[in-house]
Amino acid sequence: MRLLIVEDYRPLQQSLTKGLREAGFAVDTTRDGQEGLWYAMGNDYDVIILDLMLPGIDGLEILKRLRAKGRQSHILILTAKDTLEDRVTGLDLGADDYLVKPFAFKELLARVRALLRRSYRQKNPRIKVKDLRIDLTTQRVWRGRQEIALTPREYGLLEYLAMRAAETVSRTDIWEHVYEFNSAASSNVVDVYIGYLRKKIEQAGKPLLIHTVRGRGYFLGGQT
Amino acid sequence: MTCSLRTRLVIGTVGTIVLLLTVFSLILYVMIRRALVNQFDASLLSTARMLAASVEQDGNEIELEFEVRQLPEFNDPQRQTYYQIWRPDGAVVAKSPLLGADGLLRLEGSLDSPVFGVLRAGNGQPQRTVGFKFIPRLSDSNRVTDSHLTKEQALTLVVARDASDLHRQLYLLQWLLLITSGVTMALSVFVAAIVVRRGLEPLNSIANEIAAIKEDNLAARIKTTSVPAEIMPIKSRLNDLLSRLEDAFKRERRFTADVAHELRTPLAGIRSTIEVTLTRARDQNEYKRVLCDCQAIVENMQTMVSNLLMLARLDAQQISFHSEQIRLAEMVNSCWRSLCDKALVRETGFENRIPVEMICDSDPEHLSMVFMNLLDNAVEYTNNGGQIWATGRQADDSIEITVANTGCTLTSEQASQVFDCFWRGDSSRKDAGVHCGLGLALVQRIVRALGGYTIVDVQNTEIFTIRLALPARGPSTNFY
């Protein structure tokens, strides 16, 4: 899942980026409002974590412009402004969540996960595709009773496919939602990682879960 | 306890009405009494004159005309009019048959100026009497004269009439006036209470409106429209006061919110840094780096808290100063030394044009704080490769120092805000959390406390100048 952090306070921006990347998210980050708007307009982020007091353009202005342009990314406002008016203004301008600084990193993670589930209409934090089970909270994966160990990148890919289970997902979509902006990878890497994932998930004697739809992409689920 | 305005007005109004009513009633009573008595006396005198005119002297005989004696008023016990006539020697010539054995008191006035008197009859009834001397007409004459030629023959006539009716009328009048006054007074209390209450209604409605204004709705104003001219200035002043109060509360709230915001951001930084680090095991170098990051944040927070404390002390006038001779150029150089590394990174040049011999009598600790903040601000906001310079000029009894830098992007309107707490030129806010917008606010307050003033100037394109004027002879008091 791909996130954008727009936060001007360097220590916070660095620690959030690090923490979220370690939590398996692809994270783009900037400390400037103008640059943040440019990132958000040009990419399809699953969640944008947005500070309000920013150099360049104010966070609320970014929010307004994104919504005016019809951008559907879920936006979490992360700010030290804690008055009722501030919260109401932020939410009324189209933010999906509002978190006041200082905050617990675990809470931020939980809220980001909740927004992601909302993005893909997944209320249950445990996704089940045939005998494949994915716990979105602990990021653990089982096939039948056997737990499968995945690298963060592999998990990110599987999670995205699982969120859009039974739906054909293009390589571009995968690349946009699983890889960061500055990533050196190209969309061909997707095929490589799908290969890695297949090796770990598909098991002899069990039905195939990851299917290739020629010319269109992949889908996770039973036989088409 | 002081009486309420309403009570005072009611008491004043009713008191005035009572006083006026009493005086008016007394005057009215006296005038009516006099008129009634005069009327009574005139009637009495008329009867007496008629009686005198009916007395005839025939030789030595004195006769009263029979028709007169038979008049009902002299015989009717209900009307009770008495007369008595004396000769000059005191012998009674005639008297009213109603008197019986009693007699009247002899009063000796003249026909032109009769003497009136009051007496009480034997039965205790009040009577009014009139008496005068007169010359009876001779039987062959029908003219009454009072010439000295016949003075020896003058008779004395006294006529008395019962005045019970008159006294009863006056008594009635007294009660009438008393009752009328009493009722009027009672009504006046009632009417005055209503009038005063209605008159004070605008004050009450203003008081109610003020009572309804709480700390959380200071934007409310007194709206009562039907306000008398006398209360209009009070309404305007109260609304002005509310405006000032609202501004003060807004400033305080903004300041508190700003303080909270500025403390929350670094706290969020520390918490997030620590929590992310603790999510998994790290190597020693990483822990060390995280601790150093947290230390840097804490140091910045400490600077901000110290600045806030200093501002609070300056506002509360709790800072003590001690003056000494300061070589300004030397002090500015010394402040610059701690900033030159940062300036070097940004390739910022500095030129100290303050004359070496310039001396100022001021507080060295606080003045150095001023220069430190000014230069730090200049380094922070000068464009890369830009220039900073400080100049000094001695005026009559003050010293003017300017610190200027290139790379200014502020408008005049923005520049007018640079001394506000927590204000930052947003587009220039390159390092959030390190500078929280208190430096120049502190400069302004300290310079003011030192007896000087600060001016900001952005007239010259892209050059930001802060001008300080300090008294050459230092702060006038030891405590500010």
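Two strands count as paired if DSSP finds at least two bridges between them. Keep that rule in mind as you look at this predicted model, in which strand 1 of chain B (residues 55-58) and strand 2 of chain B are joined by four bridges and run antiparallel.

**A sheet in chain B**

- To see one bridge up close, find B:Val55, whose partner in strand 2 of chain B is B:Leu64.

**Chain A as a whole**

- Chain A is built with eight helices and 11 strands.
- It has 224 residues, and 52% of them count as buried.
- Take the contacts in chain A between residues at least 6 apart in sequence: 57% of these join residues at least 24 apart.

**Strand 1 of chain A**

- How many residues of strand 1 (residues 2-6) of chain A are buried? Five of its five are, so this strand is mostly covered, with buried meaning under 20% relative accessible area.
- Here's a handy bit of background: side chains in a regular strand alternate between the two faces of the sheet.
- In strand 1 of chain A, one side carries A:Arg2, A:Leu4 and A:Val6, while A:Leu3 and A:Ile5 are on the other, and both faces are covered.
- Strand 1 of chain A runs parallel to strand 2 (residues 26-30) of chain A, and five bridges join the two.
- One of the residues to look for is A:Leu3, which has A:Val27 as its bridge partner in strand 2 of chain A.

**Aromatic pairs**

- Over all chains, the structure holds five aromatic pairs.
- One of them is A:Tyr120 with A:Tyr160: the ring centres are 5.9 Å apart and the planes meet at 85°, so this pair is edge-to-face.
- A:Tyr120 lies in the loop between helix 5 (105-119) and strand 6 (126-129) of chain A, and A:Tyr160 lies in helix 6 (residues 152-163) of chain A, so the pair ties together parts 40 residues apart in sequence.
- Both of these tyrosines, A:Tyr120 and A:Tyr160, are buried.
- Over in chain B, B:Trp336 and B:Phe350 form a stacked pair, at 4.3 Å centre to centre with 20° between the planes.
- B:Trp336 comes from helix 8 (residues 328-337) of chain B and B:Phe350 from strand 10 (residues 349-352) of chain B, so this pair links parts 14 residues apart in sequence.
- B:Trp336 and B:Phe350 are both buried too.

**Where chain A meets chain B**

- Chain A puts 23 residues into the contact, and chain B puts in 24 residues.
- About 2,100 Å² of area is buried between the two chains, and carbon and sulfur atoms give 54% of that.
- Four salt bridges are found across the interface of chain A and chain B.
- One salt bridge to look up is B:Arg282 with A:Glu22, where the closest N and O atoms are 2.4 Å apart.
- Nine residue pairs are in polar contact between chain A and chain B.
- Which part of chain A supplies the largest share of the side that touches chain B? Helix 1 of chain A does, with seven residues.
- Helix 1 (10-22) and helix 5 of chain A each give at least two residues to that side.

Key:
Residues numbered from 1 in each chain as written. Chains lettered and ligands numbered in written order. Predicted model: local features only at pLDDT ≥ 70, side-chain atom pairs only at ≥ 80, totals over all residues. Heavy atoms only, no water. Phe/Tyr/Trp six-rings, centres within 6.5 Å; stacked < 30°, edge-to-face > 60°. Buried < 20%, exposed > 50% of the residue type's maximum accessible area, 1.4 Å probe, protein only. Contact = heavy atoms within 4.5 Å. Buried area = accessible area lost by both parts, 1.4 Å probe. Salt bridge = Lys/Arg side-chain N within 4 Å of Asp/Glu carboxyl O. Polar contact = N/O pair within 3.5 Å; in protein donor to acceptor, adjacent residues only side chain to side chain.
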